[in-house]
Amino acid sequence: MAMLEVRGVRKSFGGVTAVSDVSLALETGHIYGLIGPNGSGKTTLFNCITGLERPEAGTIVFEGQRIDGWKPHRVAQRGVGRTFQVIRVFPELTALENLMVVTRGPRAEAEARALELLRFVKLERLAGEYAGNLSYGQQKLVEFVRVLMTDPSLILLDEPAAGVNRTLLNDLLEAVGRLRDRGKTVLLVEHDMKVVMGLCETVFVLDHGEKIAEGAPGAIQADERVIEAYFGR
Amino acid sequence: MTRGRTFVGALALLAVALAVYPLFGTGYGVRSMLQLFMWVALASSWNLISGLTGYVSFGHVAFFGAGAYTTGILVTGAGWPWPAAALAGGVAGAALALLIGVPCLRLKGPYFAIAMLGLNEVLRALVSYFEGLTGGGNGLSFPTRHATVPIYYAMAFTAAVVIGMTYLVITSRFGLRLMTIREDEVAAEAMGIDTFRHKLYAFLLSAVGPGIVGGLAARDQGYIEPMSVFPLATTITMIVMVLFGGKGTVWGPVLGAVLLFVFQEVVWSHFIYLHQLLFGAIIVAVVLLMPRGVLGLLQIRYRLPRTI
């Protein structure tokens with residue numbers, strides 16, 4: 001059984017149908033890509049899955065439980081973590097505090113884990129710095145490791161590569177790969193095709209809110225409908 | 001660490017000095033200090049909800065008034081001793097916060113602020129209407145025996161407890177979660193933080209102090225009426241004190257309360273008419289020149305913890 005099953009989800013804003021009857025299924029322990037031109041509904045679909053938007057139709061089943069219509073914090077507590085396309089760190093909290101907010105249980109343990117994650121993205125020296133003072137790329141990394149603090153089983157990444165320098169990007173992608181090896185499931189929105197092609201095992205393509213293709217990266221690149229969506233006929 | 005110890009030592013000394021002050025101070029002095037403690041408790045309480053979560057409560061004096069009337073009714077109607085009645089005032093504040101918070105904290109920031117503003121007016125009208133219980137526009141008069149010195153200690157204790165509570169909240173992960181609501185409520189939710197519940201807890205905590213000091217102030221003044229315990233100016237003063245001292249910190253509201261109270265007392269005695277004008281000027285200056293307040297500015301510049 002799929003760990004996440006999106007079935008016939010629809011969401012519109014005014015007269016614009018952002019997501020139109022989209023269905024997709026994710027299996028545990030794989031990395032999936034979600035691509036499409038700007039405005040094709042990728043972020044809206046993320047928002048529907050994570051509870052920030054309530055779908056008008058369709059169901060979302062996560063690990064055997066319907067989660068559509070749930071409040072975002074409940075979805076997150078259930079095990080779905082996400083990052084945002086526009087950075088959403090807590091600027092007046094330090095990098096360390098950004099990671100500490102969601103932890104429970106013994107504080108020393110949580111702090112050790114947070115520092116370990118910051119070390120992993122080479123930010124341990126900036127642990128006490130306000131997140132708002134960090135560079136764009138650094139904030140992006142804080143957001144990435146922050147989502148790992150809750151140890152979610154499904155991780156949604158909204159353009160993780162944008163604005164991150166090449167060296168760090170490789171580390172980050174390697175980290176995503178390792179998450180998969182540890183049995184996590186990852187769904188990522190990305191415009192950088194190299195990232196998508198190198199990392200994802202299955203790619204879903206959205207255009208005008210509809211899923212127009214699904215398959216292995218190689219096959220997707222050759223798909224006529226996909227080429228048309230990106231470049232026009 | 002030594003700096004921390006010096007600070008704690010200075011605090012202990014200050015506490016001792018304040019504890020023996022009524023033995024030496026004049027009646028006017030004790031009365032002024034008592035009012036200062038009241039402002040410290042009010043400003044620190046407002047900081048708990050608005051300084052930490054960013055949800056600006058424009059009606060916080062409602063809890064003060066609810067505490068005052070609860071105390072007034074229990075003392076004059078039921079013959080309770082004033083300390084117990086003032087504690088009941090704190091409970092009344094929290095109960096009112098629960099009643100108001102459940103619907104209103106679901107609103108986003110600006111709408112919450114407006115709703116709170118309305119609450120205050122509604123309460124004032126209600127208190128005027130239920131004459132049988134509250135005396136309506138005639139107000140309530142307490143028994144006239146003086147209790148300034150015991151009230152001084154009760155006020156000081158309440159202020160200390162509110163400061164202590166603020167310290168505990170700000171140094172805890174619960175406090176960090178409250179701040180995430182101020183920083184980015186959507187991200188907080190996406191991280192699994194039940195923002196509504198957190199706001200509600202902070203709101204309840206922030207209503208207890210004003211309820212208690214409302215009761216104490218009522219007993220001290222000996223007479224309450226709707227206009228005297230629900231003035232919008234009290235809420236504004238709380239807000240200005242916190243903004244001036246530094247919102248979201250432990251000592252900012254205390255510093256703001258002390259500085260502005262002293263300023264008010266001095267200016268009040270010299271320029272009665274200029275007073276409000278100067279107060280208004282301070283509000284404008286703070287918002288324009290140092291939106292983080294005195295401590296907020298130092299905190300950012302010198303990387304001080306929020307506990308300073």
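Biologist: How many bridges join strand β1 of chain A to β2(A)?

Modeller: This is a predicted model, in which local features need pLDDT of at least 70, side-chain atom pairs count only at pLDDT 80 or more, and totals for chains, interfaces and linings use all residues. Residues are numbered from 1 along each chain as its sequence is written, while chains are lettered from A and ligands numbered from 1 in the order in which they are written. β1 (residues 4-13) and β2 of chain A run antiparallel; strands (E, at least two residues) and helices (H or I, at least four) are DSSP runs numbered from the N terminus. The bridges joining β1(A) to β2(A) number seven.

Biologist: Which are the edge strands of the sheet in chain A?

Modeller: The open sheet has four strands in the order β2-β1-β4-β5 (chain A), with antiparallel pairing; strands pair if DSSP finds at least two bridges between them. Each edge strand pairs on one side only, and they are β2 (16-26) and β5 (65-66) of chain A.

Biologist: Where chain B touches chain A, which helix of chain B gives the largest share?

Modeller: The contact (C-beta atoms, placed from the backbone, within 7 Å) takes 16 residues from chain B and 19 residues from chain A. On the chain B side, 11 residues come from one helix, residues 173-190, namely α8 of chain B.

Biologist: What is the radius of gyration of chain B?

Modeller: Chain B comes to 14 helices and two strands. The globule rule (2.2 Å times the number of residues to the power 0.38, with the radius taken over C-alpha atoms) gives 19 Å for 308 residues. Chain B comes close to that, so it is as compact as a globular protein of that length, its radius of gyration being 19 Å.

Note on methods. Contact = placed C-beta atoms within 7 Å.
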